[in-house]
Amino acid sequence: MGVGYNSIRRNDRAGVPWYNASGDTYILTLYGKEYVFSYDGIFEEQGSLEVVLSGNDWIVYEGDGTSLTFKPADSIEKGTYLWVMS
């Protein structure tokens, strides 16, 4: 399983991310499927996932109550770009 299989990254599909929490969206790649969500954990697609920022980590709660922690893996001066499941 390589980096990116289960990860969260800033959405760069429309260009360079702003590294502004309220302006950026994020892409959760989980079990081969991608979900786009905003900083407040609101998904563009309906689903049974909930995403919460906890310090520097993202916590993903699956519909069955399972929690998955994603820790920073790639950061620059402006902020973190990539989080991977730990």
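A salt bridge is taken here as a side-chain nitrogen of Lys or Arg within 4 Å of a carboxyl oxygen of Asp or Glu. By this criterion the structure holds 4 salt bridges. The model is predicted: local features need pLDDT of at least 70, side-chain atom pairs count only at pLDDT 80 or more, and totals for chains, interfaces and linings use all residues. Residues are numbered from 1 along each chain as its sequence is written, and side-chain values use heavy atoms, with hydrogens and water left out.

**View A. Salt-bridge network of R9, R13 and E34.** Side chains of opposite charge can pair when their charged atoms come close. E34 and R9 meet in a salt bridge with an N to O distance of 3.6 Å. Because E34 belongs to strand β3 and R9 to strand β1 (residues 7-10), this pair ties together parts that are 25 residues apart in sequence. Strands (E, at least two residues) and helices (H or I, at least four) are DSSP runs, numbered from the N terminus. E34 also forms a salt bridge with R13, where the closest N and O atoms are 2.0 Å apart. R13 lies in the loop between β1 and β2 and E34 in strand β3, so the pair joins parts that are 21 residues apart in sequence. Relative accessible area (1.4 Å probe, protein chains only) under 20% is termed buried, over 50% exposed, and in between partly exposed. On this scale R9 is buried at 18%, E34 is partly exposed at 34%, and R13 is exposed at 52%.

**View B. The salt bridge between R10 and D24.** The closest N and O atoms of R10 and D24 are 2.8 Å apart. The pair links distant parts of the chain, with R10 in strand β1 and D24 in the loop between β1 and β2 (25-30), 14 residues apart. Both R10 and D24 are buried.

**View C. Aromatic cluster of Y26, F37, W58 and W83.** A pair of aromatic rings is described by the distance of the centres and the angle of the planes. Rings of Phe, Tyr and Trp (its six-membered ring) pair if their centres lie within 6.5 Å; planes under 30 degrees apart are stacked, over 60 edge-to-face, and the rest tilted. The rule gives 5 aromatic pairs. One of them, F37 with W58, is edge-to-face, at 5.2 Å centre to centre and 85 degrees between the planes. F37 lies in strand β3 (residues 33-38) and W58 in strand β5 (residues 57-61), so the pair connects parts that are 21 residues apart in sequence. The rings of W58 and W83 have centres 6.0 Å apart and planes at 80 degrees, and the pair is therefore edge-to-face. Since W83 lies in strand β7 (residues 79-85) and W58 in strand β5, this pair ties together parts that are 25 residues apart in sequence. W58 is buried, with a relative accessible area of 1%, and W83 is buried at 4%. F37 is buried as well.

**View D. The largest nonpolar core.** A nonpolar core is a set of buried Ala, Val, Leu, Ile, Met, Phe, Trp, Tyr and Cys residues joined through side-chain atoms within 4.5 Å. The largest has 14 residues, and those with the most contacts inside it are I8, L28, F37, W58, V60 and F70. Strands β2, β3, β5 and β6 (67-76) each supply at least two residues of this core, with the largest share, 3 residues, coming from β2. Contact means heavy atoms within 4.5 Å. Not counting residues up to four places away in sequence, V60 touches I8, L28, L49, E50, V51, T66, S67, L68 and F70.
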